[in-house]
There are 2 protein chains.
Amino acid sequence: MLLCERCHQQHEEDSKYWRCPCGGALLLHVDETRFPSQEALQSRPSSLWRYKEALPLRDGTIPVSLGEGLTPLVPLPWKSGRVFFKLDYLCPTGSYKDRGVAYEVTRLKELGISSIVEDSSGNAGAAMAAYAARAGIHCQIFVPEYTSAGKCVQIESYGAELVRVPGSREDTTRAAEQAASHTYYASHNWSPYFVHGIKTYAFEIWEQLQCTAPHKIIVPAGQGSLVLGCYLAFRHLLQSKIISRFPQIIAVQAKNCAPLYEAFIQRKEEPVQIEKQETIAEGISSALPVRGREVLAAIRKTGGEMLAVDEEEIKRGFYDLAKAGLYVEPTSAVVAAALAKLEGQGKLLTSETTVAFLSGSGLKATDKILHLK
Amino acid sequence: MLLCERCHQQHEEDSKYWRCPCGGALLLHVDETRFPSQEALQSRPSSLWRYKEALPLRDGTIPVSLGEGLTPLVPLPWKSGRVFFKLDYLCPTGSYKDRGVAYEVTRLKELGISSIVEDSSGNAGAAMAAYAARAGIHCQIFVPEYTSAGKCVQIESYGAELVRVPGSREDTTRAAEQAASHTYYASHNWSPYFVHGIKTYAFEIWEQLQCTAPHKIIVPAGQGSLVLGCYLAFRHLLQSKIISRFPQIIAVQAKNCAPLYEAFIQRKEEPVQIEKQETIAEGISSALPVRGREVLAAIRKTGGEMLAVDEEEIKRGFYDLAKAGLYVEPTSAVVAAALAKLEGQGKLLTSETTVAFLSGSGLKATDKILHLK
């Protein structure tokens, strides 16, 4: 069943709704009391499909897979302590989006959907194009006209139809929604499935830490799918009586586009309307997160917090990571900027386990990195 | 001990020789009768360090690691059959070179080497820069002046000193050797350690195929480290009485630079002198493979063969892979071109297990891919 997070109505999956008729975001209901035992996990595949109890499929479905998941968790000395870095930029297309898209496309194939439309300025478009190719689903990706040649050529190489839209990012979304009236709007932000694929990164962190929950998990937040995924995963482990407390979710936004951060510090329940300014962390430059209310609630439920970092801090974060051997896109560097902030506030404790999530590959952002200095 | 493959002399590791005084290539001697049991492997780390019996270190050494290894092995329908693709482009810096460099840098750190020089036109330079950064070793990377901005910025971001050398690739090597007279020449081609790190990909293939050897393993060959690594790994498994036969190694060169292929079909023991022409498979454009004799012998000992593919075949191979969701650099596409050749020759049998090795990420080659069409 698909549940609307706004009006709480339920819909059959066969409705093929990507959004509730009320305008609210839908989420697939998953039984959170079922999870594989540690013994069972030992013989499971080295991919996110090892958590199949938490990723419901119809009988006999073979996942649409490129080997996504089980990315390295690398402990590194960091400032005065030690941090575990989750290298999710080593997913098949170069970003964590592969997790969500792998599950989403698998479910869309089950529903018999043969043609999809997605809009993206980067990572999600590449992920959708790759998994649609793997699944044999026709795929149109709408991108803003200003999208870099490198991103476009990756999407087109997978065989997707690329549509460049003049104007703003929002104009691109409108054009995609319109085109999708004839096919299916597979928008990862609205998808009821996407975030369930994303949550697997948090299962992996738990498993890679010898089946314990860390104290803090630091993630970048634009639409907030990493926050929601983390929350869903640890709620699942709590419901399955595998852990006894949530880790704190520390979500990081760029100061230049921080509707969630502003709401968080103003103790509001909905994202705040902001005037978006340019940021090198373009992957989290979302002025209107469609699940913002749920994201804010999730952070609060875990006793977590939000941080906002400026452009200089992000640049320093990029070089701090690179000089430790981690080459990420500037969006991911907000996490290193947050580590520096936490260190300054005395919140990076050696007595705690801290995990920092790295979302996208530096190899995708050559043009941006060339202009960082 | 380091053994010279030409004059068969032994040298102490503390000699810090990177090449035998006779001019021959050195290789570290490893005891091939020791290998972890399948039971032991279940609790080993998710990285190439799970095969520690085959990667000797001094007592107490902590590996210089970025989580390299255990990359996905993905079965895909391919032409009339099915092929397992080893996605080694998902190593930390975007190429399989990380395996060799991780082991090499770990050993150099053990030897107390604090400053190294490497020359590279691409992947090895990035790998060396990243692992030197991780290890706290000062690192100079010499590149030909024509090296792309994207590769240069990756190397410099890790904090390595980049030296651009006018002239040919060979001029770059000469400049690096000269500079190394004051420090240590960490050339991955000459290193006695590098190929031992590389061999771990073949252990993983064996383990990911439920601890069986496949029938065929298809790899690109320039200097031939993937051939030697594969041969060393399966010889190790044979010596340890874990398998009973070699898989066939199928090594692929670009027609425009095929000194090993020419030697193979002419039944010669040494690489043939060729006039090198430009190829989009630049990662294997090596006219003078320094371990060429050993590479040729290894392929023959496994009952394998060599193939040469032309530029059009490589381009088609690139798109065949991308349309299956695999975005690789053109060098890796020679493997798909070889699959097409084998299919045409009736050698891609459904009764056999075939593994195709994908060495480098397409995200590293945007400039090349933009000009493929």
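Which residue forms a salt bridge with B:Glu13? In this predicted model, where local features need pLDDT of at least 70, side-chain atom pairs count only at pLDDT 80 or more and totals for chains, interfaces and linings use all residues, the partner of B:Glu13 is B:Arg107, with the closest N and O atoms 2.7 Å apart. Residues are numbered from 1 along each chain as its sequence is written, chains are lettered from A and ligands numbered from 1 in the order in which they are written, and side-chain values use heavy atoms, with hydrogens and water left out.

Helices (H or I, at least four residues) and strands (E, at least two) are DSSP runs, numbered from the N terminus. B:Glu13 counts as buried at 16% relative accessibility, and B:Arg107 is buried with a relative accessible area of 5%, where buried means under 20% relative accessible area, exposed over 50% and partly exposed in between (1.4 Å probe, protein chains only). The side chain of B:Arg107 also meets that of B:Glu110 in a salt bridge (2.7 Å, N to O); these two residues both lie in helix 2 of chain B, three residues apart, about one turn of the helix, and B:Glu110, at 14% relative accessibility, counts as buried.

Over all chains, the structure holds 45 salt bridges. One of them joins A:Glu313 to A:Lys341, with the closest N and O atoms 2.8 Å apart; because A:Glu313 lies in helix 11 (residues 311-322) of chain A and A:Lys341 in helix 12 (residues 334-344) of chain A, the pair ties together parts that are 28 residues apart in sequence. A:Glu313 is buried, with a relative accessible area of 17%, whereas A:Lys341 is partly exposed, with a relative accessible area of 22%. A network of salt bridges links A:Lys86, A:Asp88, A:Arg99 and A:Glu204.

A contrasting case is A:Lys199, in the loop between helix 6 (194-198) and helix 7 (200-208) of chain A. A:Lys199 is buried yet has no salt bridge, the nearest side chain of opposite charge being that of A:Glu32, 6.1 Å away, where Lys and Arg count as positive and Asp and Glu as negative, while His and the chain ends are not counted. Leaving aside its neighbours within four places in sequence, A:Lys199 is in contact with A:Val30, A:Ala54, A:Leu55, A:Gly229, A:Leu232, A:Ala233 and A:His236, contact meaning heavy atoms within 4.5 Å.

The structure holds 30 aromatic pairs over all chains. Rings of Phe, Tyr and Trp (its six-membered ring) pair if their centres lie within 6.5 Å, and planes under 30 degrees apart count as stacked, over 60 as edge-to-face and the rest as tilted. A:Trp18 and A:Tyr185 form an edge-to-face pair, 4.7 Å centre to centre and with 85° between the planes. A:Trp18 counts as buried at 18% relative accessibility, and A:Tyr185 is buried with a relative accessible area of 2%. In chain B, the rings of B:Tyr103 and B:Tyr193 have their centres 6.3 Å apart and their planes at 75°, so this pair is also edge-to-face, and both residues are buried. One aromatic cluster is formed by A:Phe35, A:Tyr51, A:Phe203 and A:Trp206.

Beyond its neighbours within four places in sequence, A:Phe85 is in contact with residues including A:Pro72, A:Trp78, A:Leu321 and A:Leu358.

Chain A can be laid on chain B with an RMSD of 0.0 Å by a turn of 180° and a shift of 0.0 Å along the axis, which is the relation of a two-fold axis; copies are superposed by least squares on the C-alpha atoms of residues with pLDDT of at least 70 in both. Of the interface residues of chain A, 100% are also interface residues in chain B, so the copies meet through the same surface.

How values were computed
A salt bridge is a side-chain nitrogen of Lys or Arg within 4 Å of a carboxyl oxygen of Asp or Glu.
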